[in-house]
Amino acid sequence: MQEYYSDNSMMLVAVDCIIFGLKDNRLCVLLYRRGFEPCKGEWSLLGGFVNKNESVDSAARRVLTTLTGLNDVYMQQLGAFGAVNREPDRRVVSVAYYALLNVSERNTSVGSVSDNAVWVAVDSLPPLVFDHQEMIDMALAALRRDIKATPLVFELLPEMFSLTHMQTLYETIYGYPLDKRNFRKRVGTMPEVIDTGLIDKTGSRRGARLFTYRKQSPPTPENRPSHKPSTIS
């Protein structure tokens with residue numbers, strides 16, 4: 001058995017994090033300029049190697065916590081990227097994760113890992129190292145799929161938000177406009193979106209009603225709905 005392991009070559013295992021955030025009403029991803037070889041000075045996702053005493057999930061969580069200082073960031077594994085020549089110097093298999101960060105509400109410093117870490121809009125990305133563009137494309141497709149059937153969009157919204165703000169976020173992620181009347185009709189069927197009774201007048205004299213998200217309790221046999229919850233697409 002020992003010979004079986006020793007006869008096979010070893011390789012490094014890494015994690016890469018595609019961290020999405022909404023900044024200036026644009027869907028952005030966190031990038032930084034590499035400060036080391038290979039590809040020093042080029043744009044990259046944030047990541048790191050998996051330590052001997054941790055799982056790949058733990059490694060990804062460590063990278064996110066180190067970067068944001070937060071332990072409750074939403075994170076979802078995308079899959080493994082293991083092309084033979086994906087890195088020029090040695091064989092590295094990377095497990096990619098996408099994460100959602102509320103930029104405005106967290107007000108966190110993203111420079112704890114690198115002073116060069118910046119938010120870049122997904123529709124104007126620079127050339128990236130290795131297969132990081134492929135990772136972002138896959139993460140964006142997963143995000144667009146997941147928000148149709150889950151409440152993930154609320155990970156990017158502040159605690160209180162207007163329906164216009166909510167619609168803008170959906171449109172930013174999807175990349176196309178939604179009909180306002182249909183959108184509000186569908187939101188009206190979502191019991192987890194609660195009208196706070198407050199008005200935000202910072203954008204206009206009339207103001208906009210503010211809503212909040214309240215996670216619903218798991219249904220019991222007595223109150224289990226007979227249909228799937230409404231989604232927005």
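Student: Let's start with Val 193: why does it count as buried, and at what relative accessibility?

Tutor: Keep in mind that we're looking at a predicted model. The cut-off for buried is under 20% relative accessible area. Val 193 falls below that cut-off, so it counts as buried, and its relative accessibility is 10%.

Student: Okay, which strand does Val 193 lie in?

Tutor: There is an open sheet of three strands here, with the order S8-S10-S9. One of its edge strands runs over residues 193-200. Val 193 lies in that strand, which is S9.

Student: Which residues is Val 193 in contact with, leaving aside its neighbours within four places in sequence?

Tutor: A contact needs heavy atoms within 4.5 Å. By that rule, the partners of Val 193 are Phe 154, Phe 161, Met 166, Val 187, Phe 211 and Thr 212.

Student: And how many Å apart in space are Val 193 and Leu 163, C-alpha to C-alpha?

Tutor: Along the sequence, 30 residues separate Val 193 and Leu 163. In space, their C-alpha to C-alpha distance is 9.8 Å.

Student: Back to the sheet: is the pairing parallel or antiparallel?

Tutor: In general, strands of a sheet pair through backbone hydrogen bonds, and either sense can occur. Here S9 and S10 pair over five bridges, while S8 and S10 pair over two bridges. For the sheet as a whole, the pairing is antiparallel.

Student: Now for Asn 102: is it buried or exposed?

Tutor: Asn 102 sits in the loop between strand S6 (92-101) and helix H3 (103-106). Its relative accessibility is 3%. The cut-off is under 20%, so Asn 102 counts as buried.

Student: Last one: how many Å is the backbone oxygen of Leu 157 from a polar atom of the side chain of Asn 102?

Tutor: Not counting residues up to four places away in sequence, Asn 102 touches Glu 155, Leu 156, Leu 157 and Pro 158. The backbone oxygen of Leu 156 lies 3.4 Å from a polar atom of the Asn 102 side chain. For the backbone oxygen of Leu 157, the distance to a polar atom of that side chain is 2.5 Å.

Methods: Residues are numbered from 1 along each chain as its sequence is written. This is a predicted model: local features need pLDDT of at least 70, side-chain atom pairs count only at pLDDT 80 or more; totals for chains, interfaces and linings use all residues. Side-chain values use heavy atoms; hydrogens and water are left out. Two strands pair if DSSP finds at least two bridges between them. Helices (H or I, at least four residues) and strands (E, at least two) are DSSP runs, numbered from the N terminus. Buried means under 20% relative accessible area, exposed over 50%, partly exposed in between (1.4 Å probe, protein chains only). A polar contact is a pair of N or O atoms within 3.5 Å; within protein, one must be able to donate a hydrogen and the other to accept it, and residues adjacent in sequence count only if both atoms are side-chain atoms.
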